[in-house]
Amino acid sequence: MSEPPLITTRGLRKSFGDKEILRGIDLDVHAGDVVCLLGPSGSGKSTLLRCLNLLETPDVGEITFAGKRVRPGPDADTHRRQVGMVFQRFNLFPHLTVLQNLTLAPREVLGLDPAAADTLARALLERVGLGDRGQAWPHELSGGQQQRVAIARALAMKPRVMLFDEVTSALDPELVGEVLAVMRGLATEGMTMVVVTHLMSFARDVGKRVVFLDGGVVVESGEAAGTLDAPRTERLKEFLGHLV
Ligand SMILES: Nc1ncnc2c1ncn2[C@@H]1O[C@H](COP(=O)(O)OP(=O)(O)O)[C@@H](O)[C@H]1O
Ligand SMILES: [Mg+2]
C-alpha cells in the first residue's frame, strides 16, 4: 500500500456572494509531490490555494491533512503553520531587515529563542542564495531577491507543504529564473508543493502532476509531462494553445 495523501480535498465548494467560484474540487497531494495548478484567470486557482491553508473557509466539502480532517476554528492556526504560502507580491515587512523578517514568526509563533531563530534564518538565507543580505532592508533588494526572502520566510516555519501562487508573475523577466531555481531546489529536496503557474516549462520539468481548473472544476489532471504534451480534453488543448 502506498502512503495516504498528505492533503486531500473532497467536494470543495466556495462562493463569493452569488458567484460559485469552486464547484466541487477533489484533489490529492502526496508527500513529495509537486502539483502544478493551471487554469485561466478567474478559474479559482487562488481560491483553492487559500482554502488549502484556511485563509478562506470552504462552504462545502472537506479537507484532510496527514489523514486528519482540517476544520476552521481552533485547529486553523496549527494547520496554517504546516502549510507555507508565498504570494505574487512579496509581502515582506518593509520596516524590518531581511533577518528580522525571517526571525519574527519563528520567535513569536514557534517560540524559538533569538539565537536559534537567527541560526535558522541564516541557514535559510544561504539556501535561497542570499547569505550576505541579512542586514539589508527589503527595498534594497530586487524583486527576485525579495521573493526568495519570502520563500525563506515561509520555510522558517518548517512547513510540511508549500503553496506558491504565481510567485514569478510580478517579476521582471530576467529575475524569474533565480526564483524558479529556488523552487526547483526545494522540489529536488522532496518538499511537497502546490504551485499555481503559467510557466509550462516549469510545470513540465518540475511538476509531477498538473491539475487544470476551469470554471471552478478540475477539467483534467494527470502526470505533468504526459498531460501537457497530450491533453485529453479540448479545453486544456485550447488553454495550452493560447499560451506563448
Ligand atoms: N474575497 C473575494 N471576494 C469576492 N470575490 C472573490 C474573492 N476572491 C476571489 N474572488 C473572485 O473569485 C473569482 C476567482 O478568483 P481566483 O480564485 O483568484 O481565480 P484565479 O486565481 O484562478 O485567477 C474571481 O472572479 C474573483 O474576483
Ligand atoms: Mg490567482
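Glu56 is a buried residue, with a relative accessible area of 15%, in a structure that is a predicted model. Across the whole structure, a search finds 14 salt bridges, and one of them joins Glu56 to Arg50.

- Glu56 lies in the loop that runs between helix H1 (45-52) and strand S4 (60-65).
- The residue counts as buried because its relative accessibility of 15% falls under the 20% limit.
- When neighbours within four places in sequence are set aside, the contacts of Glu56 are Lys14, Phe16, Arg50 and Cys51.
- The salt bridge between Glu56 and Arg50 has its closest N and O atoms 3.3 Å apart.
- Arg50, the partner in this salt bridge, is partly exposed at 27% relative accessibility.

**Two further salt bridges**

- In general terms, side chains of opposite charge can pair when their charged atoms come close.
- Arg69 and Glu62 are joined by a salt bridge with an N to O distance of 3.4 Å.
- Arg69 is partly exposed, its relative accessible area being 38%.
- Glu62 is likewise partly exposed, with a relative accessible area of 31%.
- Arg122 and Asp118 form a salt bridge through their side chains, with 2.6 Å from N to O.
- Both residues belong to helix H4 (residues 114-127), and because they are four residues apart there, about one helical turn separates Arg122 from Asp118.
- Arg122 has a relative accessibility of 41% and counts as partly exposed.
- Asp118 also counts as partly exposed, at 25% relative accessibility.

**Packing of H3 and H4**

- Two packed helices are described by the angle between their axes and the distance between the axes.
- Helix H3 (residues 98-108) packs with H4 at an angle of about 125 degrees, and the two axes are 9 Å apart.
- This angle makes H3 oblique to H4.
- The crossing of the two helices, H3 and H4, is right-handed.
- On the H3 side, the contact involves Val98, Leu99, Leu102, Thr103, Pro106 and Arg107.
- Sorted by class, the contact of H3 with H4 comprises nine nonpolar, one polar and three charged residues.

**Packing of H5 and H6**

- Helix H5 (residues 143-155) and helix H6 (residues 173-188) have axes that come within 8 Å and cross at roughly 20 degrees.
- H5 is therefore roughly parallel to H6.
- The crossing in which H5 passes H6 is right-handed.
- H5 contributes Gly143, Gly144, Gln145, Gln147, Arg148, Ile151 and Leu155 to the contact.
- H6 contributes Leu175, Glu178, Val179, Val182, Met183 and Leu186.
- By class, seven nonpolar, four polar and two charged residues make up the contact of H5 with H6.

Conventions: Residues are numbered from 1 along each chain as its sequence is written. Chains are lettered from A and ligands numbered from 1 in the order in which they are written. This is a predicted model: local features need pLDDT of at least 70, side-chain atom pairs count only at pLDDT 80 or more; totals for chains, interfaces and linings use all residues. Side-chain values use heavy atoms; hydrogens and water are left out. A salt bridge is a side-chain nitrogen of Lys or Arg within 4 Å of a carboxyl oxygen of Asp or Glu. Buried means under 20% relative accessible area, exposed over 50%, partly exposed in between (1.4 Å probe, protein chains only). Axes are lines fitted to C-alpha atoms, for helices over the stretch in contact, and angles run from 0 to 180 degrees between N-to-C directions. Angles under 35 degrees count as roughly parallel, over 145 as roughly antiparallel, 65 to 115 as roughly perpendicular and the rest as oblique. A crossing is left-handed if the near helix is turned anticlockwise from the far one by less than a right angle, and right-handed if clockwise. Contact means heavy atoms within 4.5 Å. Ala, Val, Leu, Ile, Met, Phe, Trp, Tyr, Cys and Pro count as nonpolar, Asp, Glu, Lys and Arg as charged, and the others, Gly among them, as polar.
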